[in-house]
Amino acid sequence: MEENALKKFNTAKLISFAIGFFGLQFAWQMRIILSGPVTESLGASPFLFGLIWLAGPFTGMVVQPLIGALSDKTTSAFGRRRPYLLGGALLSALALWALPNSEAITNFISSSLHIKFPALAALAFAAVMIWILDACVNIAQGPYRALVPDVVPQEQHSIANSYISLAIGLGSVIAAATAPFLKWAFNYQMSVNAQFIMAALAFTLGMFWTCMVIKEKRYEPKENEKTEKFDFIKSLKEFFALSPEVGKICWMQFFTWIGNMCMMIYFTQYAIHTVYGVPDLSGVNEAVKASFENAVAAGTNFSSICFAIFNLVCFLVAIPIGILSVKFGNKKVHIISMISMALAFLGMAFTKDHTTVAVLMGLSGIGWASICALPFAMLSQYIKPGTEGSVMGIFNIFIAGPQVFVCTLVSWIINKCVFSVDAGVNYHWEYTFLIGAFCLVAASIIASRVKELRA
């Protein structure tokens with residue numbers, strides 16, 4: 001038993017453990033901020049934009065449970081989880097390079113093969129790249145979360161997840177702040193292509209570092225252990241049989257992620273079209289697009305600044321939230337954090353003032369730090385050894401599933417809430433924050449009913 005006991009992580013090892021997630025979140029942040037302007041420039045309406053975002057939830061619901069279960073039984077000399085971490089990072093890097101070059105790639109293929117593609121071919125290619133990127137992020141993310149109970153002692157699960165939350169915040173801050181900082185300090189506008197390349201490098205190098213430093217034992221099947229095919233229904237039944245509290249945690253997570261993704265998916269469009277007043281550009285000619293080019297760039301930079309503030313707050317409070325959760329319990333700290341996020345969302349629904357929006361995004365960062373850590377810590381109390389990957393994969397359904405609602409119904413609502421402006425039409429993007437605030441309050445009420453275990 002002493003030989004198999006997990007050794008306690010010191011601060012340096014916790015940091016090394018989280019660096020891979022720093023790279024993952026760096027790439028994901030670029031996708032969040034820039035996918036809207038990229039796809040809108042190729043002709044995507046709000047509803048089409050929402051449908052393209054379905055890549056995340058669908059790949060999350062399908063890929064993570066499958067990859068999680070596969071990683072539980074992987075017997076490579078390199079470990080159970082690390083092959084998926086590296087594979088996801090490398091494939092994501094290719095998609096990150098191709099996404100902003102969708103139009104150039106489709107034009108090159110068209111001219112080389114003498115094929116005339118439809119007008120929306122570039123948008124279709126970009127959508128495919130987003131789906132590939134999201135699938136690969138999910139390939140890495142599920143096994144990464146499962147690595148916590150694999151290699152970290154039980155008493156350090158909350159703090160390890162808080163370090164991941166810290167890495168998420170720091171990675172997002174640097175990803176979001178780089179382009180606005182270069183514009184402010186050197187009057188240099190970093191291209192969208194360059195930002196995606198930067199994200200690809202961060203993801204790959206960060207994951208390589210974690211995989212080199214964090215060692216995991218090779219999985220050795222027991223002599224009488226049978227290799228069974230992954231049975232999703234059976235795994236789902238076993239998942240909910242862990243404890244009655246697991247179902248409550250899942251419903252809490254479901255409403256949390258509806259609320260959270262209302263902001264994550266639509267904030268850049270809200271910044272461009274609501275705060276900066278740019279009309280919808282998906283169906284206008286090139287001359288109109290050119291006339292709003294500077295305003296779109298300013299709105300995108302403002303969105304990046306707000307996300308940087310949002311994630312800076314996440315970075316600053318991640319470790320304190322972990323410490324407070326140890327003292328007062330995960331549930332109480334998580335409820336307070338979600339309520340603060342809901343209040344911030346309500347504020348953003350009723351203001352267009354730049355400073356106020358930026359401050360409210362900072363307040364939202366408290367909730368984000370908690371969302372990135374405490375639900376996983378609450379669930380990890382009920383995980384049986386050897387099932388970490390499949391449990392985290394199934395739990396991800398309650399992160400990915402809500403996004404289907406946000407990508408379809410919420411985008412449809414926005415698409416219907418159109419109004420006329422001087423240069424065409426615009427949409428009420430701020431309505432997403434009202435929906436998000438309501439769902440976060442619902443998640444807080446459900447969380448208050450969870451009976452959590454205390455160490």
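Start by selecting residues 82–98, which make up helix H4. Helices here are DSSP runs of H or I with at least four residues, numbered from the N terminus (strands are E runs of at least two). At 1.5 Å a residue, these 17 residues should span 24 Å, and the end C-alpha atoms sit 25 Å apart, so the two agree. The expected span is 1.5 Å times one less than the number of residues.

A word on the ground rules: this is a predicted model, where local features need pLDDT of at least 70, side-chain atom pairs count only at pLDDT 80 or more, and totals for chains, interfaces and linings use all residues. Residues are numbered from 1 along each chain as its sequence is written, and side-chain values use heavy atoms, leaving out hydrogens and water.

Stay on H4 and color its buried residues, including Arg82, Tyr84, Leu85 and Leu86. Buried means under 20% relative accessible area, exposed over 50%, and partly exposed in between (1.4 Å probe, protein chains only).

Now pick Arg82 together with Glu216: their side chains meet in a salt bridge, 3.9 Å from N to O. A salt bridge is a side-chain nitrogen of Lys or Arg within 4 Å of a carboxyl oxygen of Asp or Glu. Glu216 sits in the loop between helix H8 (192–213) and helix H9 (232–240), 134 residues away from Arg82 in helix H4. Both partners are buried.

How many salt bridges does a search of the whole structure find? Six. For another, select Asp134 and Arg31, whose closest N and O atoms are 2.8 Å apart. Asp134 belongs to helix H6 and Arg31 to helix H1 (residues 11–41), so this pair ties together parts 103 residues apart in sequence. Both are buried.

Next, show Asn138, also in helix H6 (residues 121–151). A polar atom of the Asn138 side chain lies 2.8 Å from the backbone oxygen of Asp134. Asn138 counts as buried because its relative accessibility is 7%.

Then try Asp72, Arg80, Arg81 and Asp150, which are linked in a network of salt bridges. Within it, Arg81 and Asp72 pair at 2.8 Å, N to O.

Last stop: the largest nonpolar core, with 133 residues, where Met263, Phe267, Phe307 and Trp368 touch the most other members. Such a core is a set of buried Ala, Val, Leu, Ile, Met, Phe, Trp, Tyr and Cys residues joined through side-chain atoms within 4.5 Å. Helix H10 (residues 244–275) gives the most to this core, with 16 residues.

Definitions and conventions:
Polar contact = N/O pair within 3.5 Å; in protein donor to acceptor, adjacent residues only side chain to side chain.
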